[in-house]
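Reader: I am new to this structure and would like to understand the terms used for it. Could you take me through them one at a time?

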Amino acid sequence: FGGITAVNDLSMRIPTGSITGLIGPNGAGKTTAFNVISGFYNPQEGDILFKGHSVKGFPPHRICRAGMARTFQNIRLFGSETALENVMVGCQVRRKSQWWMPVFSLPSARREEEEIREKAQRRLEIARALATNPDFLLLDEPAAGMNPQESTELMRFIRHIRDEFDLTILLIEHDVKVVMGVCQYIWVLEYGQLIAEGDPDAIRNNPRVIEAYLGEDVSNHA
Ligand code: ATP
């Protein structure tokens, strides 16, 4: 991107049927890698092989039709909110504020309303991706904004859809507990370069990854 090389010399292999993680600090190039894989950006060099065939230079809708679906970090959904409101009703069951609080526009109630909307949109976006009947699903930060109980539920959900729909899943996620809990294999990016790959244990104990990303309290997440 102009002066910035967002992703450089990245080579990844995602085994069919796996749940694989892509992690790294902010700005490491994770979303850019997703955009390259799913056809939103055309890489200057290299290739993207999907089911053994190159999809480099294919437009996103063609890649989607070939069986690859994704969600976005900054949720992009259709304007009509009927489906969204339905999902939001589900979230309302656990809301803490009383029904009359938003009427008086109490800040805590408004905040909770926004959180509910965010979560509902995330679920709806996964539903939309699944509706394309994909073989390969890319999830960009599915646990963003979730509390520990919700992220535990999400891990179960990710495993469930993998099994139910016979999917291969690649996910970008900052929640270390989710990544370590659900992924069989993890790739780590820093400054657009791959700095490590391995199973959760190998990644958790990798000094380079601890220094670049996980920090010293990683054992707390084990
Ligand atoms: P985060 O965890 O914060 O979402 P990320 O690992 O997904 O970060 P990217 O969004 O891929 O990182 O960004 C990698 C680098 O490329 C950053 O320096 C970012 O500012 C830059 N970048 C990303 N998209 C563009 C763009 N369209 N134009 C210019 N620079 C960009």
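Reader: Which residue lies over the face of Phe58, and at what distance from the ring centre?

Author: This is a predicted model, and in it Arg62 lies over the face of Phe58, at 3.8 Å from the ring centre.

Reader: Why is the pair of Phe1 and Tyr41 called edge-to-face?

Author: The ring centres of Phe1 and Tyr41 are 5.3 Å apart, and rings pair if their centres lie within 6.5 Å. Their planes stand at 75 degrees, so the pair is edge-to-face, a name that applies over 60 degrees. This pair links distant parts of the chain, since Phe1 lies in the segment before strand E1 and Tyr41 in the loop between helix H1 and strand E2, 40 residues apart.

Reader: What makes Phe1 exposed and Tyr41 partly exposed?

Author: Phe1 has a relative accessible area of 52%, and exposed means over 50%. Tyr41, with 36%, falls in between that value and the 20% under which a residue counts as buried, so Tyr41 is partly exposed.

Reader: How do you know that Trp187 is buried, and what kind of pair does Trp187 form with Tyr185?

Author: The relative accessibility of Trp187 is 4%, so Trp187 counts as buried, the limit being 20%. Tyr185, at 28%, is partly exposed. The two rings form an edge-to-face pair, with 5.5 Å from centre to centre and 65 degrees between the planes.

Reader: How do you know that the span of helix H4 agrees with its number of residues?

Author: Helix H4 covers residues 107-131, and at 1.5 Å a residue its 25 residues should span 36 Å; the end C-alpha atoms are 36 Å apart, which agrees. Among the buried residues of H4 are Ile116, Leu124 and Ile126, and just after the helix Asn133 takes a positive phi of about 55 degrees.

Reader: What makes E4 and E8 the edges of the open sheet?

Author: The order of its six strands is E4-E5-E6-E1-E7-E8, with mixed pairing. Strands E4 and E8 each have a single partner strand, so one side of each is left without a neighbour in the sheet. Within the sheet, E1 and E6 pair in the parallel sense over four bridges, and Gly21 stands opposite Leu171 in E6. Helix H5 packs on this sheet, touching E1, E5 and E6, and its direction makes about 150 degrees with that of E6.

Technical notes. Residues are numbered from 1 along each chain as its sequence is written. This is a predicted model: local features need pLDDT of at least 70, side-chain atom pairs count only at pLDDT 80 or more; totals for chains, interfaces and linings use all residues. Side-chain values use heavy atoms; hydrogens and water are left out. Rings of Phe, Tyr and Trp (its six-membered ring) pair if their centres lie within 6.5 Å; planes under 30 degrees apart count as stacked, over 60 as edge-to-face and the rest as tilted. Helices (H or I, at least four residues) and strands (E, at least two) are DSSP runs, numbered from the N terminus. Buried means under 20% relative accessible area, exposed over 50%, partly exposed in between (1.4 Å probe, protein chains only). A charge sits over a ring if NZ of Lys or CZ of Arg is within 6 Å of the ring centre and within 35 degrees of the ring normal. The expected span of a helix is 1.5 Å times one less than its number of residues. Two strands pair if DSSP finds at least two bridges between them. Contact means heavy atoms within 4.5 Å. Axes are lines fitted to C-alpha atoms, for helices over the stretch in contact, and angles run from 0 to 180 degrees between N-to-C directions.
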